[in-house]
Amino acid sequence: MADTDHLDATEDVALNFGDEDEILNRKRNLEIQWVTAFHLLFRVAAIIAYLLCGWLSDSFITNFVVIVLLLSFDFWTVKNVTGRLLSGA
């Protein structure tokens, strides 16, 4: 009879990993959305700056510097942030 009481006492213990995994998955999905947004932001901004550079400034040097800076931000984001978070490393 003592053995069944011991088994009954342990039935109340439950490991509920499903909720924690769901929370982590939601957090990861939100993180991926932000990373993807910044990944696209710098590329689209560089393309738009290139297409509209005639209207933005008459100076070739200013246009060139702005486009190179945007592409540099894009490269840094892809190399250090997007590449690591989206690949899971």
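Biologist: What share of residues 32–53 is helix, and how far apart are the end C-alpha atoms?
Modeller: Residues 32–53 are 95% helix and 0% strand, with the end C-alpha atoms 31 Å apart. Helices here are DSSP runs of H or I with at least four residues, strands are runs of E with at least two, and both are numbered from the N terminus. Bear in mind that this is a predicted model, where local features need pLDDT of at least 70, side-chain atom pairs count only at pLDDT 80 or more, and totals for chains, interfaces and linings use all residues. Residues are numbered from 1 along each chain as its sequence is written, and side-chain values use heavy atoms, with hydrogens and water left out.

Biologist: Which residues does UniProt list as "transmembrane region"?
Modeller: The unreviewed UniProt entry lists residues 32–53 and 60–78. Positions are in the numbering used here, feature names are shortened, and annotations may be inferred rather than shown by experiment. In the model, residues 60–78 are 100% helix and 0% strand, and their end C-alpha atoms are 27 Å apart.

Biologist: Which element has the highest mean pLDDT, and which the lowest?
Modeller: Helix α4 has the highest, at 86, and helix α1 (residues 2–10) the lowest, at 54. The score is the predictor's confidence in each residue, from 0 to 100. The protein averages 77, and 74% of the residues score at least 70.

Biologist: Let's stay with α4. What should its 28 residues span at 1.5 Å a residue?
Modeller: They should span 40 Å, and the end C-alpha atoms are 38 Å apart, which agrees. The expected span is 1.5 Å times one less than the number of residues.

Biologist: And where does α4 bend?
Modeller: At Val-78, by about 45°. That is the angle between axes fitted to the seven residues ending there and the seven starting there.

Biologist: Is Asp-74 buried or exposed?
Modeller: Asp-74 is buried, with a relative accessible area of 9%. Buried means under 20%, exposed over 50% and partly exposed in between, using a 1.4 Å probe and protein chains only. Asp-74 sits in helix α4 (residues 60–87), where Asn-63, Ile-67 and Leu-70 are among the other buried residues.

Biologist: What does Asp-74 touch?
Modeller: Leaving aside residues up to four places away in sequence, Asp-74 touches His-39, Phe-42 and Arg-43. A contact means heavy atoms within 4.5 Å.

Biologist: New topic: how many aromatic pairs are there?
Modeller: The count comes to four. Rings of Phe, Tyr and Trp (its six-membered ring) pair if their centres lie within 6.5 Å; planes under 30 degrees apart count as stacked, over 60 as edge-to-face and the rest as tilted.

Biologist: Which way does the Phe-42 and Phe-73 pair go, and what does it tie together?
Modeller: First, Phe-38 and Phe-42 have ring centres 6.5 Å apart and planes at 40°, so that pair is tilted. Both lie in helix α2, four residues apart, about one turn of the helix. The rings of Phe-42 and Phe-73 have centres 5.7 Å apart and planes at 50°, so this pair is tilted. Phe-42 lies in helix α2 and Phe-73 in helix α4, so the pair ties together parts that are 31 residues apart in sequence.

Biologist: Which residues make up the aromatic cluster?
Modeller: Trp-34, Phe-38, Phe-42 and Phe-73 form one cluster. Trp-34 is exposed, with a relative accessible area of 54%.
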